[in-house]
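Please open the model in your viewer and keep the selection tool at hand. The stops below go from cavities to a helix.

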Amino acid sequence: MKASDTRSSFIRYFERHGHLHMPSSSLVPEGDPTLLFVNAGMVPFKRVFIGEAERPAPRAVTSQKCLRVSGKHNDLEEVGRTARHHTFFEMLGNFSFGDYFKRDAIAFAWEFVTSELGLEPGRLWATVHYTDDEAASLWPKLTGIPAERVLRLGDKDNFWQMGETGPCGPCSEIHYDLRPSGATSDLTPEQFNALGEADEFMEIWNLVFMQFDRSADGDSPLPAPSIDTGAGLERIAAIMQGTRTNYHTDLFLPIIAEAEEVIGRRYSLEPADWEEGLPFRVLADHARAVAFMLADGVFPSNEGRGYVLRRVLRRAGRYAWLLGRREPTLDRLVSVVADLMSDTYPELAHRREHLVRTTRSEEERFLATIDAGMGRFEELAPPTGQGTIPGTEVFRLYDTFGFPLDLTQLMAAERGYEVDVDGFDSALEEQRQRSREDRLVGGTADELSEELVAAARAVTAEGEQTFVGYDQVQVESMVLTSEPLGSAHALILETNPFYSEAGGQVSDRGTVSRDGWKMVVDSVVQNDRGQTVVVGEVVEGPGVAAPDTVVATLDEASRRDTERNHTATHLLHAALRAELGDHVQQAGSLVAPDRLRFDFSHTGPLTVSERQAIEEAVNRWVWDNVPLAIEERDYREALDSGAMALFGEKYGDQVRVVSVPGVSLELCGGCHVRSTGQIGLFQITSETGVAAGIRRIEAVTGPRAYTRVRETEDLIGGLAALLRVPPTELPRRFEALLAEKAVLETRLEEQHGRDAADIVGTVVDDAVVLAGGGRLASGTVELPSGSDVGAFGDLLRDRIGSGAAIVHVSTGDDEKGAFVAVVTDDWIGRGLKAGDLVGAASRVTGSGGGGRPHLARGGVGDASRVDDAIAAAVRVALDIGDAAEGS
């Protein structure tokens, strides 16, 4: 039975038994930025199980895409080595949300595997948690399976949990006996597990009896006991197709066949050749993982999900390299994955070009450094040695050659070496510290020293502080704390309008004042209690103290410009995703009054048309004057509504949601315009690369965008006036000027050639005869400015015919000039080399030089010794000539 038929049969069976068929969720968990990837079929239903979300139906059936490459469930190191471990896999699942429980779950499982799939009942075993008397008694009662084939196992084998916290419960598994017929049924749990490790039993079905919600405080009962079935499609396919390994099913063999074609080596299906075939299996597995991660919007980067993708890609690249491949490989395999699985997962077909292009680009980056990196690894871990690779060297492999830590660990383990992970982590953290922007919280390093920042953060106050800066730019406020900090002063205001740098948005500037006293605020920091401390210079008056009343005033023009740029950043993010694809993820930002900067994941530079389309989209939304909707919402509710959250960012139970209806929906605590029309105008000023797979756009809005337009118009007007043509005629005029320039350059080059030929003729005419035949020319020549000295040397060599020349050449471009030596082929064979001649000459002047045997150039140190230098080179040539004649 084909794997696709097994999948369809599973879904149809449970649909007949009242289950709602739901499509697979994305590998990227929706509404859970703390989880890297969906690692089990129940993950999309996590909130249903714990009672936080409505159930879609009492019963459901899915074939869920899953990835296990990190955290508690991480099978990466086992991939290709065992018969059944994978990074990406499909989990067939039937779910009961408070509907049926153990009895029906066991009955459904048994009927499907024996009646629908036709598996031999005598080869099926069941395991239960050692405390689950109910499940242990139900198996023989409902299925007729002998009691001796129902084994009680411990927590490691028969208690399932999604992670350190979350839904969990005892489970019961079905195992298929792969041993020869007649093998004993008298097995202890320890013997059974040992046979499983030896691939004599294969687990094909796991019934999780979801009963508890695990937290740091322990397990609490779920609102309603439920069922979560996990049945690995790959494992069932292996049983149905009569092979002992998932890799030899129709899910993998077409990918392995393409790898054979690309690499030019055969993969053996024989068990004796299992170890030799490891790289092929890794490539096939990783191609599936890469294809589905890219299709679900993950993009290679050095953080979070993107780093997992990069690790998998480069791990595959290393195995292809071991097979002798020095060109991209995985892109071809990813294309096969799309062919195989797009009928079930149409996103593979829709994004096929992106999958292949991105994979190839990432492979090319790695191949550019892998040779040098492997060379360094060989030095660090020679095959005959042992020990620990220092963390600093592991970091160098990562930072310079692009080797992820786990790749170095894998290679080290293959040779019996340990890796200093703590040292690597320290080196990585040191680099991150060095690369952090000078901008500190609330100010740049120039505005506020690191010591002063620490002092400001230590300033605290009793009482509650209220932030009113979203709506007000000037307020009266009571002073809660007033402290001098050297030449600066720090205040904590009860009612505070000053925004403290966060989320990429810089801090506000402004003043705090009262009658006869004024402080210019140039820095804003957060103290350890989360209170905002404003810091600045007192420019008037003796001082203030709590509980004085002051007036806090923002620099309104600066704040409005910042608001324009912040909202424009959200529009830019939306435009990038609309134009380039969902793989675009924010990788950093800066929102300042004078500009905005947005870092995002993408393979390469934007084309001219892409850049124009993105800029036009943002401006179209600006001119639509869309009112923003900003509200505080429950975190989960916001995510469920589609709001974008940054992975790894910590959010509270209540979050601020900034919506540009129909365009953008993001969690954001920053300051924004009231409607998009207030942005006025948006212009991209630059687009560059800042890291592998990370691009950066800088842009301006509002008054600064208008100023830039005026500056451009002035520049064009000035050029038009200079060339005495209307602005619309500038392109045609420049084309004409460039054509004229090309004609003049050709004529000049031709004249230089004639001049050089005349000079060569003069030099050769003065040549002396070398012993043994041939001529030796020498002297000093001056060429016109801009002449090609190399072409002059070739001309001189041709004119000599047989022999050599050493000349000092000067042009208007270099007042000292250079030595040029040429030697004909027949004299190279006699031991005369151009490099020897310029070496002899340059050394006399205190310089050096070199080149090929027939043409070499040397520098001139002391120009007053040029004649002596030429004479020295001539002596070298004459000596070799004499030696040649004597031989």
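**Cavities, then a helix**

The lining of the second largest cavity has two nonpolar, three polar and four charged residues (Ala, Val, Leu, Ile, Met, Phe, Trp, Tyr, Cys and Pro count as nonpolar, Asp, Glu, Lys and Arg as charged, and the others, Gly among them, as polar). This is a predicted model, in which local features need pLDDT of at least 70 and side-chain atom pairs pLDDT 80 or more, while totals for chains, interfaces and linings use all residues. Residues are numbered from 1 along each chain as its sequence is written, and side-chain values use heavy atoms, without hydrogens and water.

To see that lining, select V506, S507, D508, R509, D555, S558, R559, T562 and P593. A cavity here is a set of points on a 1 Å grid over the protein atoms alone where a 1.4 Å probe fits but cannot get out, and lining residues have an atom within 4 Å of a point. The space inside is about 40 Å³, a volume being what is filled by probe spheres set on the points, which are joined across faces, edges and corners.

Next, select G317, R318, A320, W321, R325, E327, P328, T329, E363, F366, L367 and I370, which line the largest cavity. The volume of the largest cavity is about 60 Å³. Its lining has six nonpolar, two polar and four charged residues.

Finally, select helix α23, residues 789-800 (helices are DSSP runs of H or I, at least four residues, numbered from the N terminus). Just after α23, G801 has a positive phi of about 85°.

Definitions and conventions: On a 1 Å grid over the protein atoms alone, a cavity is a set of points where a 1.4 Å probe fits but cannot get out, and a pocket is an open set with protein on both sides within 12 Å along at least five of seven lines; lining residues have an atom within 4 Å of a point. Helices (H or I, at least four residues) and strands (E, at least two) are DSSP runs, numbered from the N terminus. The expected span of a helix is 1.5 Å times one less than its number of residues.
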